[in-house]
Each structure stands twice: as structure tokens, then as C-alpha cells.
Amino acid sequence: MTLIHPTAIIDPKAELDSSVKVGAYSTIGANVQIGANTEIGAHVVVEGHTQIGENNKIFQFASLGAQPQDKKYRDEPTRLIIGNSNTIREFTTFNTGTVTGIGETRLGDDNWIMAYCHLAHDCVVGNHTIFANNASLAGHVEIGDYVVLGGYTLVFQFCRIGAYAMTAFAAGVHKDVPPYFMASGYRAEPAGLNSEGMRRNGFTAEQIANVKNAYKDIYLRDLSLDEAKKLIDQQAMQHSELQILRNFLTDSKRGIIR
């Protein structure tokens with residue numbers, strides 16, 4: 001049984017593992033590498049300097065590795081890197097990076113990317129995320145592990161969303177969303193703790209309570225952000241789950257949603 005449909009067009013310079021499946025009318029460019037047991041559906045275009053790992057399932061009409069939508073781009077050999085065991089659904093568009101960014105766009109392992117999602121240039125997405133339909137990232141966005149983006153979520157350039165955070169349907173993320181927190185609204189605002197997501201990923205009741213207390217320090221008590229950060233710094237010395245939050249707040253350049 002042939003794994004490559006006879007109508008697929010694969011550049012002879014492309015590097016595909018012998019176990020890769022390629023569907024009808026798909027096009028694979030010269031600078032593409034695809035690992036073992038990855039399935040490419042019908043009418044998929046994989047181009048540019050694109051590296052795809054093992055055990056991925058890419059559905060029909062996806063576009064991976066196209067040039068970044070950046071007017072400063074001048075055909076530099078920037079990259080798209082996709083890890084292992086990802087599900088990438090129909091009409092998704094992932095662009096390569098830019099030399100003014102980190103030079104590559106990255107998607108980690110075991111992510112579930114639904115139809116019509118967009119990863120712009122220089123985005124970095126971690127592991128075990130879920131992007132619901134039409135979630136879109138502008139350039140230079142960073143998404144942590146286990147993040148869930150609600151359908152039609154839009155993330156402004158250079159924003160960061162921390163691990164285990166979640167956005168509601170049609171959220172407009174214009175500032176950083178701290179780990180564990182939820183965000184909702186056209187101009188996204190804090191909407192509580194993603195406690196259910198934390199429970200599903202093995203956090204104890206005590207750990208969730210510690211993060212909830214930190215959320216109150218930041219948003220619900222009469223404290224400045226600097227005062228809240230000092231309290232979280234102290235608590236993080238004893239509670240590892242708060243170290244992630246502390247580090248995120250320290251590294252935030254755009255500021256967090258308020």
C-alpha cells in the first residue's frame with residue numbers, strides 16, 4: 001500500500017520519513033522535513049524551512065510554513081518548527097519567523113489546534129494546549145503549556161499567556177494573561193481562576209487555594225500590583241506552584257490584564 005497519493009507533489013529535496021502519509025493534491029516543498037508516522041491530509045501545503053516531528057495528524061487544507069505576513073520580510077530562510085503528536089485541523093495557517101524576531105515560529109508537543117487557527121511569525125506555543133476554532137495569534141506571541149484558548153480568541157502582538165491559563169469565547173487579549181487565570185471580554189479582563197483546568201492537570205486543593213489567594217492579592221484586595229507581587233514573592237518560597245506565577249509577573253513587559 002502506497003503512503004503517498006499519486007497526485008501529491010513532493011520536492012525531491014524534501015526529507016520525509018518512510019512512514020509519512022501524504023494525501024491527494026498536497027504539496028511539500030524542498031526545505032521541509034517530516035518525522036515518522038505523521039499524516040498529511042489532502043490539499044495541504046507545507047513549504048518554507050519547515051520541520052515537523054513525529055506522530056502528527058494534519059488535516060486537509062492546512063497551510064504550514066508560508067512566508068510571514070510582515071512587510072519587512074525579505075525572503076530570509078526563517079523557520080517553522082512543529083513538535084510531536086499534534087493535531088492540526090482544517091484551514092490552519094502557520095507562518096515562519098522573521099529575522100527581526102527569533103527567526104522561527106514554534107509549536108511544541110501534544111497540542112490540539114482546531115480549524116481556522118492562525119500562528120503568526122515568531123510565535124512560541126508550548127505543549128498540551130487547546131486552541132478552539134478561529135483562535136489567532138499575532139506576531140511574537142508566547143503561549144505556555146496547558147493553555148486553552150476559547151473560539152475566536154485574538155491575541156495582540158508580543159503578548160504572553162501563562163501556563164494553565166484560559167480565555168473565553170472571543171476574548172481580545174491585549175495584555176499578558178498570568179498563569180492559572182481566566183480572561184474574557186473584547187478587551188480581555190480577569191475572570192477568575194482556571195480551577196477546573198488545574199484540577200484536571202493534577203493540582204491539589206491546597207495548591208489551587210494558594211493560587212486563588214494570589215489572584216485575590218492581585219485583583220480583589222486593595223493592593224497595588226507591586227505590593228501584590230511582594231506578597232507572592234514571599235509565598236513562592238514555600239509553594240512551587242506560585243513560582244511559575246512569580247516568574248511570569250517579573251518577566252512581563254506589556255503588563256498584565258487588569
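Reply: Two strands pair if DSSP finds at least two bridges between them. The model is predicted, and in it the bridge partner of Q33 in β8 is Q51.

Me: What makes β5 and β8 a pair?

Reply: The cut-off is at least two bridges. Strand β5 (residues 32–34) and strand β8 (residues 49–52) are joined by 3 bridges, so they count as paired. The sense of this pairing is parallel.

Me: How do you know that β14 pairs with β11 and with β17?

Reply: The test is again at least two bridges. Strand β11 (residues 79–82) is joined to β14 by 4 bridges, and the two run parallel. L80 stands opposite T105 in β14. Between β14 and strand β17 (residues 124–125) there are 2 bridges, also in the parallel sense. In that pair, R106 has V124 of β17 as its bridge partner.

Me: Why are β2 and β23 called edge strands?

Reply: The open sheet has 8 strands in the order β2-β5-β8-β11-β14-β17-β20-β23, with parallel pairing. β2 (15–16) and β23 each pair on one side only, and they are the edge strands.

Me: Why is A62 called buried?

Reply: Buried means under 20% relative accessible area. A62 has 2% relative accessibility, so it counts as buried. A62 is in the loop between β9 (57–58) and β10 (63–66). Leaving out residues up to four places away in sequence, A62 touches H43, V44, V45, R89, F91 and T92.

Me: Is T98 buried or exposed, and how do you know?

Reply: T98 has a relative accessibility of 3%, and the limit for buried is under 20%. T98 therefore counts as buried. T98 lies in the loop between β13 (93–95) and β14 (104–107). Its contacts, not counting residues up to four places away in sequence, include P68, D70, T78 and H140.

Me: What makes the link between the side chains of T98 and D122 a polar contact?

Reply: A polar contact is a pair of N or O atoms within 3.5 Å, one able to donate a hydrogen and the other to accept it. The polar contact between the side chains of T98 and D122 is 2.6 Å. A polar contact of 3.2 Å joins the side chains of T98 and T100. Both values are within the 3.5 Å limit.

Me: How do you know that the length of α3 agrees with that of a helix?

Reply: Helix α3 (residues 225–236) has 12 residues, which at 1.5 Å a residue should span 16 Å. The C-alpha atoms at its ends are 16 Å apart, so the two values agree.

Me: Why are the buried residues of α3 said to line one face?

Reply: A228, I232 and A236 are buried in α3. Seen down the helix axis, the buried residues fall within an arc of 75°, so they line one face of α3. An α-helix has 3.6 residues a turn, so residues three or four places apart point the same way. On the other side of α3, D226, K230 and Q234 are exposed. The buried residues of α3 pack against α2 (205–220) and α4 (240–251).

Me: What puts the buried residues of α4 on the same side?

Reply: In α4, the buried residues are E241, L242, L245, F248 and L249. They cover an arc of only 120° around the axis, which puts them on the same side of α4. These buried residues pack against β23 (160–161), β26 (181–184), α2 and α3.

Key. Residues are numbered from 1 along each chain as its sequence is written. This is a predicted model: local features need pLDDT of at least 70, side-chain atom pairs count only at pLDDT 80 or more; totals for chains, interfaces and linings use all residues. Side-chain values use heavy atoms; hydrogens and water are left out. The expected span of a helix is 1.5 Å times one less than its number of residues. Buried means under 20% relative accessible area, exposed over 50%, partly exposed in between (1.4 Å probe, protein chains only). The arc is that of the directions from the helix axis to the C-beta atoms. Contact means heavy atoms within 4.5 Å.
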